[in-house]
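Please view the sequence and the structure together while reading the points below.

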Amino acid sequence: REREMSSQSASRQATRNEITLKGSAEIVAEFFGYSINSILYQRGIYPEESFTRVTKYDVGLLVTTDEGLKAYLDQVLRHIAEWLTLQKIQKLVVAITGVESRQVLERWVFNVEGEPAPASSSSAASSAASSSVAMVGSKPVEEIRKEI
């Protein structure tokens, strides 16, 4: 599998894919999770049958059904949301490396701009989260899916 990806990715090796995500910490972390799932599916890192289609942001997206992977991603994404809320991170990097060579085959840089969490969880907070979803909107989601 590594050889197959290596030959397919040779021209992309030096390419850096940069994507900017903006919105509430929860929305950015959620969208980053969908991005990781998309990368894992499209690059064949996990078998096709371990993904299912969901609709989010008015777009069909694939998410893993592998319980171990879901648990791991949920834990990582909770930390990312917390760090975004505290404004401790500005960039997330996903790299696919060869198992034997450890050479980076593909790399994505997600510049993130999270908004601090509101002081209360009133209806104003939930409407702010809803407006963040609208900011993500289906056109930017489609553009980002194409980049991935």
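**Overview**

The chain has five helices and five strands, where helices (H or I, at least four residues) and strands (E, at least two) are DSSP runs numbered from the N terminus. Their order along the sequence is α-β-α-β-β-α-β-β-α-α. This is a predicted model, in which local features need pLDDT of at least 70, side-chain atom pairs count only at pLDDT 80 or more, and totals for chains, interfaces and linings use all residues. Residues are numbered from 1 along each chain as its sequence is written, and side-chain values use heavy atoms, with hydrogens and water left out.

**Burial**

- Of the 148 residues in the chain, 37% are buried, meaning under 20% relative accessible area with a 1.4 Å probe, protein chains only.

**Strand pairing**

- Strands E2 (residues 51-56) and E3 (residues 59-64) pair in the antiparallel sense over six bridges; pairing requires that DSSP finds at least two bridges between two strands.
- Thr52 has Val63 in E3 as its bridge partner.
- Two residues lie between the strands of this hairpin, where Tyr57 takes a positive phi near 60 degrees.

**Aromatic rings**

- The structure holds four aromatic pairs (ring centres of Phe, Tyr or Trp, the latter by its six-membered ring, within 6.5 Å).
- Among them, Phe32 and Phe110 are edge-to-face (planes over 60 degrees apart), at 5.0 Å centre to centre and 85 degrees between the planes.
- Phe32 lies in helix H2 (residues 25-42) and Phe110 in strand E5 (residues 104-115), so their pair ties together parts that are 78 residues apart in sequence.
- Both Phe32 and Phe110 are buried.
- One aromatic cluster is formed by Phe31, Tyr34 and Tyr57.

Conventions. Buried means under 20% relative accessible area, exposed over 50%, partly exposed in between (1.4 Å probe, protein chains only). Rings of Phe, Tyr and Trp (its six-membered ring) pair if their centres lie within 6.5 Å; planes under 30 degrees apart count as stacked, over 60 as edge-to-face and the rest as tilted.
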